[in-house]
Amino acid sequence: MDELNAPRPLAVVTGASSGIGYHLARRAAEHGYDLVVAADTPLADAARDFERLGAKVQAVQCDLATTDGVMHLIQAIGDRDVEALMANAGHGLGGSFLSQDFSAILHVINTNITGTVHLIQHVARGMVARARGRILITGSIAGFQPGAFHAVYNGSKAFIDSFAIALRNELKGTEVTVSCLMPGATDTEFFERAGMETTKVANDPKMLMQPDEVAKIGFQAMLKGEADVVAGWKNKLQVAMSKVMPAQATAQMHRKLAEPGTTEPTVQAEHHEK
Ligand SMILES: NC(=O)c1ccc[n+]([C@@H]2O[C@H](COP(=O)([O-])OP(=O)(O)OC[C@H]3O[C@@H](n4cnc5c(N)ncnc54)[C@H](OP(=O)(O)O)[C@@H]3O)[C@@H](O)[C@H]2O)c1
């Protein structure tokens, strides 16, 4: 088959409707992948953008916090060979643990952990059977920090950061690589969705990286098959500090950034006026 008619490789990107996932899917389209993209709200606009970049796109609306939602995505992928999986969908939940709705807590855990590992297990089995594939999992530097006022979310990312390293090790000797992208605070819809508009972290432009930049770093790491990548030097510094500081001190530092009502919403408001 000549190069022009060769089938394009397939990438699956979850959480592709906005933020980091949107830019991961754009990168994949620019690099010649066709796409299956998923989110829990309609993603027709995003899909159109990816199509303009030359990709054949299948958009799947599903709640990846549910088994039915993950199965819906798995069925949409069908028996096609997945060349790259970017398991990126996730969300936060701000505020004090005791004030949170338990159903909202479960949704964080089921999206960030349960749905993510369910999808990865299915896709990775196919990749190993074909001896080919790249997996990028979006963890977070939050996984290194006991997250006062974002406790369940940070715990979920500690799981993901750890899981990604362990799975990478288990797949040594196969042709399948697992990379973990660990962003720090990024200027997406994340904070508003998590109800964190009045926190310091959501409103300090010096702390926020842009999602296209974060996605570029993650995508490159995935292509190179790197183990993990912390996006940005300030975040690398934060991780280094988290590793040497007593956990109680890290939790206190996190409290200052994530406690609601410590600042007026500015950055996020501007973000949504764009
Ligand atoms: N922003 C940050 O500061 C930051 C820092 C470190 C790590 N991260 C991680 O980066 C990833 C992407 O977040 P982002 O910052 O790009 O935020 P975002 O703009 O809110 O994007 C999150 C994406 O995940 C999707 N999603 C969330 N829950 C879902 C569910 N149950 N089922 C299906 N799709 C779901 C959303 O879909 P809908 O649009 O349909 O809701 C959206 O496409 C997340 O895993 C997040 O934890 C973010």
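This report looks at the ligand site of a predicted model, then at a patch on its surface.

A word on ground rules: local features need pLDDT of at least 70, side-chain atom pairs count only at pLDDT 80 or more, and totals for chains, interfaces and linings use all residues. Residues are numbered from 1 along each chain as its sequence is written, and side-chain values use heavy atoms, leaving out hydrogens and water.

**The ligand site**

There are 33 residues around the ligand, and Ser-17, Asp-40, Thr-41, Tyr-153 and Thr-188 come nearest (near means a heavy atom within 4 Å). That shell splits into 12 nonpolar, 16 polar and five charged residues, with Gly counted as polar and Tyr and Cys as nonpolar.

Here are the polar contacts, meaning pairs of N or O atoms within 3.5 Å:

| Residue | Polar atom | Ligand atom | Distance |
|---|---|---|---|
| Thr-41 | side chain | oxygen | 2.5 Å |
| Asn-88 | backbone | oxygen | 2.7 Å |
| Cys-62 | backbone | nitrogen | 3.5 Å |

On its own the ligand has 890 Å² of accessible area, and the protein covers 97% of that (Shrake-Rupley method, 1.4 Å probe). Among the helices (DSSP runs of H or I, at least four residues), H1 (19-30), H4 (102-130), H5 (151-170) and H6 (190-193) each give the shell at least two residues. H6 has the largest share, with three.

**The surface patch**

Trp-233, Leu-237 and Met-241 make a nonpolar surface patch of about 350 Å². Leu-237 sits in helix H8 (residues 233-244) and is partly exposed, at 49% relative accessible area (between buried, under 20%, and exposed, over 50%).

Note on methods: A polar contact is a pair of N or O atoms within 3.5 Å; within protein, one must be able to donate a hydrogen and the other to accept it, and residues adjacent in sequence count only if both atoms are side-chain atoms. Patches are made of residues with over 30% relative accessible area and no salt bridge: like charges are joined within 9 Å, nonpolar side chains (Val, Leu, Ile, Met, Phe, Trp, Tyr) within 5 Å. A salt bridge is a side-chain nitrogen of Lys or Arg within 4 Å of a carboxyl oxygen of Asp or Glu. Buried means under 20% relative accessible area, exposed over 50%, partly exposed in between (1.4 Å probe, protein chains only).
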